[in-house]
Amino acid sequence: MHGCIFSFTRQAEMKGLGHAILTGRTLTGMEPFGVVLADDLCLQDDNSQANVLEQMVKVFNQFRCSIVAVMEVPEDEIHKYGVIKGEELKDGLYKVSDMVEKPNKEDAPSNLAIIGRYILTPDIFGIIEKTPPGKGGEIQLTDALLQQAKDGCVIAYKFKGNRYDCGSVEGFVEATNYVYENLYLKGKA
């Protein structure tokens, strides 16, 4: 990788994803930035020309606000995710009006779950600073994004591609098998 500079910051205490994002403030300054959660492996499918973040950048360039990647999940898995409600602007694009962190299935506003890909605008830092601990006593990014949606705009984007939950044994095995069978054996990895 020519011309790349890597920087990092460390979250000394585990206080939630919102707090983790806040620790990166000195690295991003006043620029929009992407967030990639490592336990979500997202791969473009055969029909997609762009990876998930590339797809999201196109959406960001159109709306100039925070973007969250979403996918439909079964009711029995809804409790594992932040879930959005929103007005569908066009196929796969939603203006977020509500978000709930890890709701019970009967309290979920939809089956559209946020997965570990975000493009955030820098005003999120000030919102996170004012966000009280939420679910699990942690500072939830979902709570800060809900406030950002109420104050302005957050767009949910139903991405094109495949997502694997590498934070679970089953998801990790599924991702490993997919990469081996579809990329490694075909000489693409």
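I will start with the largest pocket, which is lined by 26 residues, with Leu-17, Leu-37, Asp-39, Glu-101 and Lys-102 lying nearest its centre. A pocket here is an open set of points, on a 1 Å grid over the protein atoms alone, where a 1.4 Å probe fits, with protein on both sides within 12 Å along at least five of seven lines, and a lining residue has an atom within 4 Å of a point. The model is predicted, and local features need pLDDT of at least 70 and side-chain atom pairs pLDDT 80 or more, while totals for chains, interfaces and linings use all residues. Residues are numbered from 1 along each chain as its sequence is written, and side-chain values use heavy atoms, with hydrogens and water left out.

The space in this pocket comes to about 590 Å³, a volume being the space filled by probe spheres set on the points, which are joined across faces, edges and corners. Strand 6, helix 5 (141-151) and strand 8 (162-165) are the elements that give two or more residues to the lining, and strand 6 gives the most, with 4 residues. Helices (H or I, at least four residues) and strands (E, at least two) are DSSP runs, numbered from the N terminus.

Let me turn to helix 3. Helix 3 covers residues 52-63, 12 residues in all, and reaches 17 Å from its first C-alpha to its last, close to the 16 Å expected, where the expected span is 1.5 Å times one less than the number of residues. Within helix 3, Val-52, Gln-55, Met-56, Val-59 and Phe-60 are buried, where buried means under 20% relative accessible area, exposed over 50% and partly exposed in between, with a 1.4 Å probe and protein chains only. Seen down the axis, these buried residues fall within an arc of 140°, so they line one face of helix 3; the arc is that of the directions from the helix axis to the C-beta atoms. They pack against several strands, including strand 2 (40-43), strand 3 (66-72) and strand 6 (112-120), contact meaning heavy atoms within 4.5 Å.

What follows helix 3? Arg-64 does, with a positive phi near 55°, although Arg-64 is not a glycine. Most residues other than glycine have a negative phi. Arg-64 sits in the loop between helix 3 and strand 3 and is exposed, at 53% relative accessible area.

Lys-102 also has a positive phi, of about 45°, and lies in the loop between strand 5 and strand 6, partly exposed at 36%.
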